[in-house]
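Please keep the sequence and the coordinates in view while following the text.

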Amino acid sequence: MSEKKFNDVLVEKIEDGNYVVISINRPDKLNALTTDTLREIYEAMEQFEVDSNVRCIVLRGTKNITKKAAFSAGADLAAGMGKGLKPNIPVHMAMAMQQKHKYYDLIESFPKPVIAAVDGYAFGGGCELSLVCDIVIATRRSFFGFPEIARGIFPGNGGTQRMVRHIGLARALKMCYFGERESAETMHDWGYVGFLCDDGDEFESLIHEKASVLGNSATTSLFCIKKAVKFGSQVPLQIGNIFEMLGFGVNSGSKDVNEGIMAFLQKRDPKFTGGM
Ligand code: COA
């Protein structure tokens, strides 16, 4: 379904919901992430940026579980840093992180909604990957955490920065300091997991339900909402309000605005096309 060929990810277009599922496909390594895996995730997404038949992305671990269920067990601890970067040179390590940050940032900035569908482990870089998605659906058997401290490492792909913005200082520090795994239930109680369910059919139906809602929604409005909420919340309120004002303006030119208002006046359900 994807024009490009990938080694580490599978891409499946779900026509009846206008969305695409990107599955991390390294089950023998619990979907551990190399820089190439992150690049592939982004490149898989990028090809649907302006495709109006793809209006939402679901990011998940492969359904083909060979060992344990995992969204991703984090950075691939067996992989090198790539591009001649040496682990004993600190500035090389900063450059390696910069490379990874680039892909996390690009995934976060994707112009359409991105759902993290988590079943199993979401640790380290895997937890950080869920952090750059917009909505988290998780099964009850899932765990989130930053085990880096146990290895004397550092949650350096956004873990120390993004999680605190979601769950607050005390909880984020607890996660980073102790490296303990937090259950999906706890993360749901903390407001991080948006939708909690059982694994198996319930998980698959919930993914389809939520992705289809977004896939049939007003794409330009979602784009403006995403930018205003995610980035407006990082600046003072008055500047955030300008994001909102501009978002409202940009959205007003989309075909879906007319459709939404006409449908209301005609007392029928809107048929959004994602037309820009
Ligand atoms: N990088 C590379 N390989 C990994 C990995 C990682 N982050 N996490 C798991 N794997 C591999 C294991 O080496 C193992 O491979 P093997 O069967 O060929 O030996 C396989 O995945 C299964 O892992 P295993 O440890 O046997 O499963 P488990 O259920 O007992 O434990 C974890 C699961 C996730 C708790 C454990 O694998 C772990 O702690 N992983 C590292 C997590 C981490 O530190 N992430 C942050 C990295 S900065």
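A residue counts as buried when its relative accessible area is under 20%, as exposed when that area is over 50%, and as partly exposed in between. The model discussed here is a predicted one. By that cut-off Asn18, at 15% relative accessibility, is buried, although its place is in the loop between strand E1 (9-14) and strand E2 (19-24).

Asn18 is not a glycine, yet it has a positive phi of about 55°. The hairpin to which this turn belongs is formed by E1 and E2, with four residues between the two strands. E1 and E2 pair in the antiparallel sense over six bridges, and in this pairing Lys13 stands opposite Val20 of E2.

E2 also pairs with strand E3 (residues 56-61), here in the parallel sense and over six bridges; within E3, Leu59 is the bridge partner of Ile22. How enclosed is E2 by the rest of the structure? Six of the six residues of E2 are buried, so this strand is largely enclosed by the rest of the structure. The side that points one way carries Tyr19, Val21 and Ser23, while Val20, Ile22 and Ile24 point the other way, and the residues of both sets are buried.

Asn31 has its place in the loop between E2 and helix H1 (35-46). Its phi is near 60°, a positive value in a residue other than glycine, and Asn31 counts as buried at 2% relative accessibility. The backbone oxygen of Asn31 lies 2.8 Å from a polar atom of the side chain of Ser72.

Ser72 itself is found in strand E4 (residues 70-72) and is buried, with a relative accessible area of 0%. A polar atom of the Ser72 side chain also lies 3.1 Å from the backbone nitrogen of Gly74. Leaving aside residues up to four places away in sequence, Ser72 touches Ile24, Leu30, Asn31, Ala32, Leu33, Tyr121, Ala122, Phe123 and Gly126.

**The ligand and its surroundings**

Which residues come nearest to the ligand? Of the 17 residues around the ligand, the nearest are Lys67, Lys68, Ala73, Ala75 and Arg151. Sorted by class, the shell comprises nine nonpolar and eight charged residues, with no polar ones. Backbone atoms of the protein approach the ligand at the places collected below.

| Residue and its atom | Ligand atom | Distance |
|---|---|---|
| Asp28, backbone N or O | oxygen | 3.4 Å |
| Ala73, backbone N or O | nitrogen | 2.9 Å |
| Leu77, polar backbone atom | nitrogen | 2.9 Å |

Read together, the details connect the two parts of the account. Ser72 is buried at a relative accessible area of 0% and reaches the backbone oxygen of Asn31 through its side chain, while Ala73 places a backbone N or O atom 2.9 Å from a nitrogen atom of the ligand.

Technical notes. Residues are numbered from 1 along each chain as its sequence is written. This is a predicted model: local features need pLDDT of at least 70, side-chain atom pairs count only at pLDDT 80 or more; totals for chains, interfaces and linings use all residues. Side-chain values use heavy atoms; hydrogens and water are left out. A residue is near a molecule or strand if one of its heavy atoms lies within 4 Å of it. A polar contact is a pair of N or O atoms within 3.5 Å; within protein, one must be able to donate a hydrogen and the other to accept it, and residues adjacent in sequence count only if both atoms are side-chain atoms. Ala, Val, Leu, Ile, Met, Phe, Trp, Tyr, Cys and Pro count as nonpolar, Asp, Glu, Lys and Arg as charged, and the others, Gly among them, as polar. Buried means under 20% relative accessible area, exposed over 50%, partly exposed in between (1.4 Å probe, protein chains only). Contact means heavy atoms within 4.5 Å. Two strands pair if DSSP finds at least two bridges between them.
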